[in-house]
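Hi everyone, thanks for coming. Have the picture ready, and we'll walk through it together.

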Amino acid sequence: MPLQTEGIVIKNGRIKSLYFILGIYCPPIAHQIKPGQFIMLKVSENGSPILRRPFSVYKSYPDSHPDKRRRGCLFLLYKIVGKGTQKMTTLRRDQKVNLIGPLGNSFSFAPLPSSSDIVLIGGGVGIVSLYPLAAALKDKKLSVFIGGKTRNDILCVEDFKKFNSIISIATEDGSLGFHGTVVDLFLSRIKTFKGNQGSYLYTCGPAPMLESLARAVKSKRFICQASLEARMGCGFGACWGCVVKTNDPKTPYQRVCKEGPVFSLEDIVWE
Ligand SMILES: Cc1cc2nc3c(=O)[nH]c(=O)nc-3n(C[C@H](O)[C@H](O)[C@H](O)COP(=O)(O)OP(=O)(O)OC[C@H]3O[C@@H](n4cnc5c(N)ncnc54)[C@H](O)[C@@H]3O)c2cc1C
Ligand code: FES
């Protein structure tokens, strides 16, 4: 069940260029959150912006975690893109913050047949929501594709190195790894994966990236779950501000915050 609760900021610092990590001590959410779920954070105690902002939980440490100092903590990895995220950078250690979570559905990943390919494709901050999934799949062999506009937008590489993973990097300006989009890079390797329901693909990133990926994998019959990044008002299903069109005839419009954010990629109608 989602809770509206208070957390205490334990750290907030820049990791590079426009990217920051915010740590919050909030045991009720850290204890429950599943890979792919998100929180809505009030970035300003009083005043603008009034609406909370949605963030994936990058790392979380439940009460049973072996590292006692981290128990009850969760971490967000965020990019400054506007007023709310700019305001977030001013949050200071020991400050109280209000948050709602865990929200949305989660990635489904068990049990995956041992012979299957597991492919993770993240664009920009989209890679954040794939990190907890990779941690949950840490015994499996993972093919991880990380993309961004420039080398400064390539995130979490060291984190994914901890797993049994093959990491491939793409930048649109060619400043690191493959020169092109992360979807182009994946397509250049697509023949190495089985397809035909033997490959599980998990992805998160901007809509144009997901749309081109949907087109690319359509005929290959990959089993593909995508976490969508819609703009959100409430975050818990009340305002219908985040709907996406699907090809489900019974419920053609579904809420990213409630029925998602994770959808089967083939169910999304791109408009
Ligand atoms: C489920 C979910 C998980 C997310 N996880 C993360 C995360 O882990 N790290 C992170 O940095 N960001 C994440 N986001 C995006 C984040 O919520 C937005 O960047 C943030 O709300 C922007 O707030 P702002 O006030 O700074 O920007 P605004 O001033 O509201 O907007 C600035 C610009 O960003 C664009 N924008 C704002 N929100 C979104 C959005 N949701 N999707 C696409 N474009 C948007 C606007 O169109 C505008 O051009 C997530 C979004 C969703 C829906
Ligand atoms: S953000 Fe309000 S219904 Fe999804």
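I'll start with the ligand and then turn to the sheet.

First, the ground rules: this is a predicted model, where local features need pLDDT of at least 70 and side-chain atom pairs count only at pLDDT 80 or more, while totals for chains, interfaces and linings use all residues. Residues are numbered from 1 along each chain as its sequence is written, chains are lettered from A and ligands numbered from 1 in the order in which they are written, and side-chain values use heavy atoms, leaving out hydrogens and water.

So, how many residues surround ligand 1? There are 19, and the closest are Arg53, Pro54, Gly84, Thr85 and Arg231; a residue counts as near with a heavy atom within 4 Å. They divide into 10 nonpolar, 4 polar (Gly is put in this group) and 5 charged (Asp, Glu, Lys and Arg). Strand 4 gives the largest share, 4 residues; strands here are DSSP E runs of at least two residues.

Now the polar contacts, meaning pairs of N or O atoms within 3.5 Å. An oxygen atom of ligand 1 lies 2.3 Å from a side-chain N or O atom of arginine 231.

Technical notes. Polar contact = N/O pair within 3.5 Å; in protein donor to acceptor, adjacent residues only side chain to side chain.
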